[in-house]
Amino acid sequence: MANGMIETLKRRLGLQLLEYEIPGHANSIKYSLGGMTASSFGILLLSGILLAQFYVPDPERANTSVHYLMDQVYLGWFLRGVHFWAGEVLTVTMVLHLIRVFCTASYKNPREVNWLLGVALLLMMVNLLFTGTVIKWDQEAYEALAHFLWVAGQLGFVGLPLTEKFAQGVPLLSRIYMAHISLLPIVTLLLLGLHLFYVKYHQLSPQPGPSGGTGKRIKFTQHMAYLQRAGAGIFFLICLLALLISPPLGDKPVLGMEITKPPWQFVWIYALENLWVPSLIAAPLVILMGLVSVPFVDRGPETYWKRRPLAMLVLLGTILIFAGLILWGEVTTMTHSM
């Protein structure tokens, strides 16, 4: 009887539509990195909703409200730790997912549009990480915003909506906070929905190599169960990190000073900025154009990484450049002032 009720409920909800077959290699870590990234994003959303109840988006009270959360609210330190470490884990799984997609050439025909959606999602995540850094409003946040405002100022009319002049009387910090909790998450969710739709529409890309796509098939519900276990593992890791390592938080900023370095996700551009200040504008544009051009430049039919030496050389070189810039940024000191 219980089984009959479950089957009836599945029909009413249309859950039987999830019983379609997908390649068996979907149930592997490297092909589940996108799902892990989505799990981290879900944790970010839920923890962010709770954090928003205690945050005051005013320059005079923002930093104090975060300290109050950390020191006075029951388990507030843990909640903020979960939010912070979810962002860190998301960064790692997102980059690994990008590398996997590139290595397996999953951006090729007919999946070019989904690659572009992935690039747009990457851009949204970078903006979420940046605005999240700013709204804690300590010295690191103030200096990050100063660099951002310099870029906006160089863009002239295009950058005007990103400056304090656009809505005089409204603190820029409040606008950044609203972007962080509303505009950026909404756009990200829409892009994520489209991204998942095209994964379903074009189906999971076949596993490159001698075996091709001739492996076993599994039900999508089996993959969902695998992703649930992976998501639980991600959540456990995030909670463990939140318990063991407190996220950085300084006091209210001292205006006019530059003494900090950005988070590791942005320290590479800090190193480039020391060489040439306009790198703040040029480097992101070059990277974005490079990512967008990938499916249009590499249009050959080959997907196996061993038979794509030039593409693998480009990938390896990019990884080494970023790793070198991050390490250099960690040890170098600022040679100029905004």
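Contact here means heavy atoms within 4.5 Å. With that in hand, some notes on the model.

1. Ground rules. This is a predicted model, where local features need pLDDT of at least 70, side-chain atom pairs count only at pLDDT 80 or more, and totals for chains, interfaces and linings use all residues. Residues are numbered from 1 along each chain as its sequence is written, and side-chain values use heavy atoms, with hydrogens and water left out.

2. Setting aside residues up to four places away in sequence, Met125 touches Phe41, Leu90, Met94 and Thr188. Met125, Phe41 and Leu90 turn up again, along with Ile238, as the residues with the most contacts inside the largest nonpolar core, which has 24 residues. A nonpolar core is a set of buried Ala, Val, Leu, Ile, Met, Phe, Trp, Tyr and Cys residues joined through side-chain atoms within 4.5 Å. At least two residues each come from helix H2 (33-51), H4, helix H5 (112-135), helix H7 (172-202) and H8, and H4 gives the most, 6 residues. Helices are DSSP runs (H or I, at least four residues), numbered from the N terminus.

3. The other core. Apart from that one lies another core, of 17 residues, including Ala62, Val66, Tyr177 and Phe266.

4. Tyr74, Leu75, Trp77, Phe236, Leu240, Leu243, Leu244 and Ile245 make a nonpolar surface patch of about 900 Å². The patch rule takes residues with over 30% relative accessible area and no salt bridge, and joins nonpolar side chains (Val, Leu, Ile, Met, Phe, Trp, Tyr) within 5 Å. A salt bridge is a side-chain nitrogen of Lys or Arg within 4 Å of a carboxyl oxygen of Asp or Glu. Helix H8 (residues 220-244) supplies the largest share of the patch, 4 residues. Tyr74 sits in the loop between helix H3 (62-71) and helix H4 (76-103), and counts as exposed at 74% relative accessibility. On that scale, buried is under 20% relative accessible area, exposed is over 50%, and partly exposed is in between (1.4 Å probe, protein chains only).

5. Cysteines. Searching the whole structure gives 0 disulfides, a disulfide being a pair of cysteine sulfur atoms within 2.5 Å. Cys103 is partly exposed at 23% relative accessible area, while Cys239 counts as buried at 13%.

6. Ile259. This residue lies in the loop between H8 and helix H9 (267-275) and counts as exposed, at 58% relative accessibility. Leaving aside neighbours within four places in sequence, Ile259 is in contact with Gln139 and Glu143. Its C-alpha atom is separated by 25 Å from that of Asp71, 188 residues apart along the chain.

Definitions and conventions. Patch = residues over 30% accessible without salt bridge, like charges linked within 9 Å, V, L, I, M, F, W, Y side chains within 5 Å. Areas by Shrake-Rupley, 256 points an atom, 1.4 Å probe, with all protein chains shown as cover.
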